Amino acid sequence: MPRIQFTTPDGASGALELDAERMTVGRADDNQLIIADDSVSSHHGEVVFDGSSWTLTDLGSTNGTKIGGTRVEQVSLSPGGAFQLGNVNCVFVGDGEVEEDAYSAPTISVSTPSSGYGSQPYNGRMRTGFGPKVKQKNQGSGLVLTLGVLGILACGAAVFFANQMGVTP
C-alpha cells in the first residue's frame with residue numbers, strides 16, 4: 001500500500017498509509033493523515049489519487065510545502081520522491097517499494113551566512129516597539145518648576161511692595 005514516511009525536526013518518525021482516493025493531511029485531529037508537529041498547519045494539504053498517480057496539493061498552509069527548499073503549491077508524488085510539509089521531511093513510498101525499516105530521512109543542509117543580516121545572533125534586548133510602554137522617570141524637573149514659580153512670585157511681590165512705597169522702578 002502506498003504511504004508517506006515522515007521525520008519531524010525533533011526526530012519522531014512515522015508512516016501515513018494512503019488507503020483512500022482523497023485524504024487531508026495536517027496537524028488537526030479531523031484530518032485522515034495526521035502529523036503532530038507545530039510547523040505543519042492544522043489543514044496543511046490534500047492527497048488525491050486520480051486512478052494512475054498521487055498528487056499532494058497545499059491548502060494555503062502557513063509554513064508551506066517544499067521540494068528542495070522551494071515552496072510549491074502541488075507535488076506529483078512518485079516513489080522515493082522527497083518533500084517537506086512545514087519543517088517535516090517526507091518521502092512517498094509507492095506499492096511494493098522500499099520497506100519501512102530501510103527508510104532514512106532525507107538530509108537537508110542549512111547554511112549560515114558569513115556576513116549580512118543573518119550572520120549576527122539575535123539580541124532580544126535591542127528590540128523596540130513591542131510590549132508595554134515604560135514611562136521615563138523625570139530627573140529633577142519638579143524642583144526646577146517649583147523654583148521657577150517661586151522666582152516669579154518673588155518678582156511680583158517686589159513690584160507690589162515697590163508700588164506701595166511709592167518707588168517707581
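Q: How do β7 and β10 pair?
A: In this predicted model, strand β7 (residues 65–67) and strand β10 (residues 82–85) pair in the antiparallel sense over two bridges. Strands here are DSSP runs of E with at least two residues, helices are runs of H or I with at least four, and both are numbered from the N terminus; two strands pair if DSSP finds at least two bridges between them.

Q: And which residues face each other there? What is the bridge partner of Thr65 in β10?
A: The partner of Thr65 in β10 is Leu85, while Lys66 stands opposite Gln84, also in β10.

Q: What about Leu85 on the β11 side, which partner does it have there?
A: In β11, Leu85 has Val88 as its bridge partner. β10 is joined to strand β11 (residues 88–93) by four bridges, and the two run antiparallel. They form a hairpin with two residues between them, and Gly86 in that turn has a positive phi of about 65 degrees.

Q: Where do these strands sit in the sheet, what's the order?
A: The sheet is open and has six strands in the order β2-β1-β11-β10-β7-β8, with antiparallel pairing. Its edge strands are β2 (13–17) and β8 (70–72), each of which pairs on one side only. From one strand to the next the twist averages 35 degrees, where axes are lines fitted to C-alpha atoms (for helices over the stretch in contact) and angles run from 0 to 180 degrees between N-to-C directions.

Q: How much of it is buried?
A: Of the 169 residues in the chain, 28% are buried, meaning under 20% relative accessible area, with exposed being over 50% and partly exposed in between (1.4 Å probe, protein chains only).

Q: OK, new topic: what pLDDT does the chain average?
A: The average is 81, and 72% of the residues score at least 70; pLDDT is the predictor's confidence in each residue, from 0 to 100. Over residues 98–103 the pLDDT is below 50, and that stretch has 11 contacts in the model beyond near neighbours in sequence, a contact being heavy atoms within 4.5 Å.

Q: What should I do with low values?
A: Where pLDDT is low, the predicted coordinates should not be read in detail.

Conventions
Residues are numbered from 1 along each chain as its sequence is written. This is a predicted model: local features need pLDDT of at least 70, side-chain atom pairs count only at pLDDT 80 or more; totals for chains, interfaces and linings use all residues. Side-chain values use heavy atoms; hydrogens and water are left out.
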